[in-house]
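Please look over the protein shown here. The report below goes from the overall fold to single residues.

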Amino acid sequence: MPIPAPIMSNAMAIEKDWIDYNGHLNMAYYNVLFDRCSDEAFEMMGMGPNYAKERRLTIYTAEVHVCYVQELHLDHKVNVSFQLIDHDDKRLRAYQEIRHVDGWLAATSEQLALHVDMAGPKVAPFPADVLARVEAMRAAHIALPMPERAGRSIGIRRKTG
């Protein structure tokens with residue numbers, strides 16, 4: 001089965017309990033949406049819930065950078081994408097977008113994830129079978145352009161002059 005490039009979630013609804021006192025999606029729940037799509041991608045790479053249960057190996061998030069671009073509200077439905085932009089023998093770097101079903105960008109996320117042996121817990125190399133699936137996903141995603149918003153840093157821009 002070919003690997004989608006990028007991986008796209010099915011449409012997801014915003015849940016009532018996720019709306020904050022400002023009347024829009026609370027910042028924490030953007031991460032829930034990103035995570036649900038990531039779980040689909042990890043499963044495709046052989047690292048889903050059974051992997052953790054049976055092999056005692058899993059993925060831990062080490063770093064995340066989220067950019068909130070446009071508010072989401074209760075009546076909105078969204079799709080989330082996942083693009084594997086880099087990896088080595090122990091780490092994954094991924095970029096994701098949340099887009100309203102009408103196409104406009106709501107948020108982006110870039111993550112660094114670590115492959116972990118739960119017995120430690122300690123960072124450990126991917127087993128050969130999983131690394132092959134990671135490499136297959138990377139090969140499917142390599143033709144995608146590097147996302148413009150990937151690699152951003154946080155800072156305050158100062159006006160000069």
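With 161 residues, a compact globule would have a radius of gyration near 15 Å, and the protein chain agrees with that at 17 Å. This radius is taken over C-alpha atoms, and the globule rule is 2.2 Å times the number of residues to the power 0.38. The model is predicted: local features need pLDDT of at least 70, side-chain atom pairs count only at pLDDT 80 or more, and totals for chains, interfaces and linings use all residues. Residues are numbered from 1 along each chain as its sequence is written, and side-chain values use heavy atoms, with hydrogens and water left out.

**Overall fold**

The C-alpha trace spans about 50 × 45 × 35 Å along its principal axes. The protein chain holds three helices and seven strands. Their order along the sequence is β-β-α-α-β-β-β-β-β-α. Helices (H or I, at least four residues) and strands (E, at least two) are DSSP runs, numbered from the N terminus.

Buried residues make up 40% of the 161 residues. Buried means under 20% relative accessible area, exposed over 50%, and partly exposed in between (1.4 Å probe, protein chains only). Of the contacts with a separation of 6 or more, 70% link residues 24 or more positions apart. A contact means heavy atoms within 4.5 Å.

The chain exposes about 9600 Å², and carbon and sulfur atoms supply 51% of this area. Accessible areas come from the Shrake-Rupley method with a 1.4 Å probe; for residues, only the protein chains shown count as cover. There are 18 positive and 21 negative side chains, and the centres of the two sets lie 5 Å apart. Lys and Arg count as positive, Asp and Glu as negative; His and the chain ends are not counted. Each charge is placed at NZ of Lys, CZ of Arg, CG of Asp or CD of Glu.

Which residues does Gln96 touch? Gln96 lies in strand S5. This residue is buried, because its relative accessible area is 1%. Leaving aside neighbours within four places in sequence, its contacts include Phe34, Cys37, Ser38, Val80, Ser81, Phe82 and Ser109. A polar atom of the Gln96 side chain also lies 3.4 Å from the backbone oxygen of Ser81.

Glu97 is found in strand S5 too, which covers residues 91–100. At 17% relative accessibility, Glu97 counts as buried. Beyond four places in sequence, Glu97 is in contact with Phe34, Asn79, Val80, Ser81, Leu105, Ala107 and Thr108.

Ser109 sits in strand S6. Ser109 is buried at 2% relative accessibility. Its contacts, apart from neighbours within four places, are Phe34, Val64, His65, Val66, Ala94, Tyr95 and Gln96.

The table gives polar contacts between side chains. A polar contact is a pair of N or O atoms within 3.5 Å; within protein, one must be able to donate a hydrogen and the other to accept it, and residues adjacent in sequence count only if both atoms are side-chain atoms.

| Side chain | Partner side chain | Distance |
|---|---|---|
| Gln96 | Ser38 | 2.9 Å |
| Glu97 | Tyr95 | 2.9 Å |
| Ser109 | Gln111 | 2.5 Å |

**Loops and backbone geometry**

Asn26 is placed in the loop between S2 and helix H1 (27–44). At 25% relative accessibility, Asn26 is partly exposed. A polar atom of the Asn26 side chain lies 2.9 Å from the backbone nitrogen of Ala28.

Ala11 lies in the loop between strand S1 (7–8) and strand S2 (12–13). Outside four places in sequence, Ala11 touches Val78, Asn79 and Val101.

Most residues other than glycine have a negative phi, and most peptide bonds are trans. Where does the backbone hold a cis peptide bond? One joins Ala5 and Pro6, with omega about -5 degrees. Pro6 is in the segment before S1. Another runs from Gly120 to Pro121, with omega near -20 degrees. Pro121 is in the loop between strand S6 (105–117) and strand S7 (122–123).

Arg56 is not a glycine, yet has a positive phi of about 60 degrees. Its place is the loop between helix H2 (49–55) and strand S3 (57–68). Arg56 is partly exposed, with a relative accessible area of 44%.
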